[in-house]
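Dear colleague,

Here is the structure we spoke about, with its sequence. My notes on the side chains follow below it.

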Amino acid sequence: MSHLLTDTGIIAGRYVRQTLASRLGVLFGLLQPLLFLVFFGPLLSDIDLGGAGDSWQTLVPGLLVQLGLFSSAFAGFTLLIEKHHGVVERMRVTPVSRLALLLGRLVRDVLQLFAQSLLLVLVGVAFGLRTPVAGVAIGFVLVGVLAASLASLSYALAMRVSSPQEFAPVINSLNLPAVLLSGILLPMALAPGWLDAVSHFVPFRYVVDAVRDAFLGHYADGTLALGAVVALALAAVSLGLGTQVFRRAGA
């Protein structure tokens, strides 16, 4: 275990330094949710969204999940670039734990997401978001677990394909229905009955609802607990699959 933690720290440090050297990429990764917040949020201020909170308590949690979904789903692109330049081949001959090569990347992804999420919430507060600090912390944890799950699946897919032309269509085909059916921008309570029923088969919906409840300060109801269970179950399955792929590939 100590060997795994040491290796994970080394790999995470490498990728954190690499990310800090590309601050423009971090900024542009946050640009889309910020644009939604600035240009879409004010349109909802006087609209009944069918939830217990105001428009900002509905939109900002959804944008946090959107940020985690998009940034993590496309995380595998960096691995494809490393494979193309032979970085993965060089890592294969080192004694570092194969699991640490996955976990180190995930640590970097989650830390980057937390930094971006904090900025998004601060901008939301400037526009009128009011939410308990504990709720924000719980929301960050849920989004972080979801992001680690999706990034793990993204890296697993990147290990199995050989080019961005194979990788991108798969991610885009999964991301679009996930965004539309999880109620990220608008609650699914506004949807027709049949569409609301279909959305219950999308696990991200439960995480979105849980983060919204956390931002409202509703910690004791079943929505938050259900979202946490779904996020943890997805993480267990995703990390298990990612670990298996990395160990088999020797990367």
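Aspartate 109 is buried, because its relative accessible area is 14% (buried means under 20% relative accessible area, exposed over 50%, and partly exposed in between, with a 1.4 Å probe and protein chains only). Its partner in a salt bridge is arginine 108, with 2.9 Å from N to O, and arginine 108 is likewise buried, at a relative accessible area of 8%. A salt bridge here is a side-chain nitrogen of Lys or Arg within 4 Å of a carboxyl oxygen of Asp or Glu.

Please keep in mind that this is a predicted model, in which local features need pLDDT of at least 70 and side-chain atom pairs count only at pLDDT 80 or more, while totals for chains, interfaces and linings use all residues. Residues are numbered from 1 along each chain as its sequence is written, and side-chain values use heavy atoms, with hydrogens and water left out.

The structure holds 5 salt bridges. One of them joins glutamate 82 to arginine 14, with the closest N and O atoms 3.4 Å apart; because glutamate 82 lies in helix H4 (residues 76-84) and arginine 14 in helix H1 (residues 2-20), this pair ties together parts that are 68 residues apart in sequence. Helices (H or I, at least four residues) and strands (E, at least two) are DSSP runs, numbered from the N terminus. Glutamate 82 counts as buried at 7% relative accessibility, whereas arginine 14 is partly exposed at 29%. Another salt bridge links aspartate 196 with arginine 205, where the closest N and O atoms are 2.5 Å apart; aspartate 196 counts as partly exposed at 21% relative accessibility, and arginine 205 as buried at 11%. Salt bridges that share partners also join Arg14, Glu82 and Arg105 into one network.

Arginine 14 lies over the face of tyrosine 15, at 4.8 Å from the ring centre, and the charged end of arginine 105 sits over the ring of tyrosine 155, 5.9 Å from its centre.

Turning to the aromatic rings, the count comes to 4 aromatic pairs, where rings of Phe, Tyr and Trp (its six-membered ring) pair if their centres lie within 6.5 Å, and planes under 30 degrees apart count as stacked, over 60 as edge-to-face and the rest as tilted. Phenylalanine 74 and phenylalanine 77 are stacked, at 5.9 Å centre to centre and 5° between the planes. Phenylalanine 114 and phenylalanine 140 are stacked as well, at 6.2 Å and 15°; phenylalanine 114 lies in helix H6 (residues 98-127) and phenylalanine 140 in helix H7 (residues 133-160), so this pair ties together parts that are 26 residues apart in sequence. Ring pairs also link Phe74, Phe77 and Phe167 into a cluster.

Finally, Leu24, Leu27, Phe28, Leu31, Leu35, Val38, Phe39 and Phe127 make a nonpolar surface patch of about 760 Å². Patches are made of residues with over 30% relative accessible area and no salt bridge, like charges being joined within 9 Å and nonpolar side chains (Val, Leu, Ile, Met, Phe, Trp, Tyr) within 5 Å; accessible areas come from the Shrake-Rupley method with a 1.4 Å probe, and for residues only the protein chains shown count as cover. Helix H2 (residues 23-40) gives the largest share of this patch, 7 residues.

With best wishes

Key
Lys NZ or Arg CZ within 6 Å of the ring centre and 35° of its normal.
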